[in-house]
Amino acid sequence: MAKARSLTWMLLAITLVSFASAARADDACMDFKWDVSKERALFAGPPTVMQAGSDTKSAPIVLPNHLYQLALAAQNEVKFSVREGKKSDDNAHAGLVILRISAPGSYRVSVDLPVWIDVVTQDSVLTPTDYQGQHECAAPRKVVQFELNGTKPFLLQFSGAAVGQLLVAVTPVPERVR
């Protein structure tokens, strides 16, 4: 009986340690300075899978409030609209998408990897208004905020990815945190 009780306590301790480890991993995603609950909810759902473009003509269209899983190409095969913001090594991956929005405003581009994000409009790169990241989190890992004026399509350029697959979501910034 004592042996069974001891085994029960050991199993309970292992279970609690497992839950604590999972909670610590999730805590890494809770340290953002903004409320990223909308982005976290998108990253918890199933993505739309698509091939990122290797030039502007092949770039697929993405919309806000959706999660996309982009298959990226070797960066040296991608023809950027404007020079990418950060040069990367020869093994890097990259891709392009066209963002369509229905209303101008502040938007967040959230990704699961350390990757460079450029937002291009009329052959000029927009400067981010803010950004943040959590290195131990992948849901999302990095969030970059941009002011998107007008509703014309915007080109999103992703470069410097270490792997050939990227999760990305674009969300409007909530009114209260602007």
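User: Hi! Which residue in S10 is the bridge partner of Ser106?

Analyst: Hello! Glu147 is the bridge partner of Ser106 in S10. A word on the source: this is a predicted model, in which local features need pLDDT of at least 70 and side-chain atom pairs count only at pLDDT 80 or more, while totals for chains, interfaces and linings use all residues. Residues are numbered from 1 along each chain as its sequence is written, and side-chain values use heavy atoms, with hydrogens and water left out.

User: Thanks. How many bridges pair S6 with S10, and in which sense?

Analyst: S6 and S10 (residues 142-148) pair over 7 bridges in the antiparallel sense. Strands here are DSSP E runs of at least two residues and helices are H or I runs of at least four, numbered from the N terminus. Two strands pair if DSSP finds at least two bridges between them.

User: And what joins S6 to S12?

Analyst: S6 and S12 (residues 165-172) run antiparallel and are joined by 5 bridges. There, Tyr107 has Pro172 of S12 as its bridge partner.

User: Is S6 enclosed or open, and why?

Analyst: All 7 of the 7 residues of S6 (residues 105-111) are buried, so the strand is largely enclosed by the rest of the structure. Buried means under 20% relative accessible area, exposed means over 50%, and partly exposed is in between, with a 1.4 Å probe and protein chains only.

User: Which strands make up that sheet, and in what order?

Analyst: It is an open sheet of 6 strands in the order S1-S3-S12-S6-S10-S9, with mixed pairing. S1 (48-51) and S9 (130-133) are at the edges with a single partner strand each, so one side of each has no neighbour in the sheet. From one strand to the next, the twist averages 25°; axes are lines fitted to C-alpha atoms (for helices, over the stretch in contact), and angles run from 0 to 180 degrees between N-to-C directions.

User: How do S1 and S3 run, parallel or antiparallel?

Analyst: S1 and S3 (residues 67-71) run parallel, joined by 4 bridges. Gln51 stands opposite Ala71 in S3.

User: Let's zoom out. How many helices and strands are in the chain?

Analyst: The chain has 2 helices and 12 strands. Of its 178 residues, 42% count as buried.

User: Which residues of H2 are buried?

Analyst: In H2 (residues 37-44), Glu39, Arg40, Leu42 and Phe43 are buried. Down the axis of H2, its buried residues fall within an arc of 160°, so they line one face of the helix. That arc is taken from the directions from the helix axis to the C-beta atoms. Ala41 and Ala44, on the other side of H2, are exposed.

User: New topic: how much space lies in the largest pocket?

Analyst: About 430 Å³ lies in the largest pocket. Of the 21 residues lining it, the closest to its centre are Pro114, Val115, Trp116, Ile117 and Lys142. On a 1 Å grid over the protein atoms alone, a pocket is an open set of points with protein on both sides within 12 Å along at least five of seven lines, a cavity is a set where a 1.4 Å probe fits but cannot get out, and lining residues have an atom within 4 Å of a point. Grid points are joined across faces, edges and corners, and a volume is the space filled by probe spheres set on the points.

User: What classes of residue are in the pocket lining?

Analyst: The lining of the largest pocket has 10 nonpolar, 7 polar and 4 charged residues. Ala, Val, Leu, Ile, Met, Phe, Trp, Tyr, Cys and Pro count as nonpolar, Asp, Glu, Lys and Arg as charged, and the others, Gly among them, as polar.

User: Which residues line the largest cavity?

Analyst: Val62, Leu63, His66, Tyr68, Val168, Ala169 and Val170 do. About 30 Å³ of space lies in that cavity, and S12 gives the largest share of its lining, 3 residues.

User: Where is Leu63 placed?

Analyst: Leu63 is in the loop between S2 and S3. The C-alpha atoms of Leu63 and Leu99 are 5.9 Å apart, although these residues are 36 apart along the chain.

User: Last one: which residues does a cis peptide bond join?

Analyst: Ala139 and Pro140, with omega at about -5°. Pro140 sits in the loop between S9 and S10.
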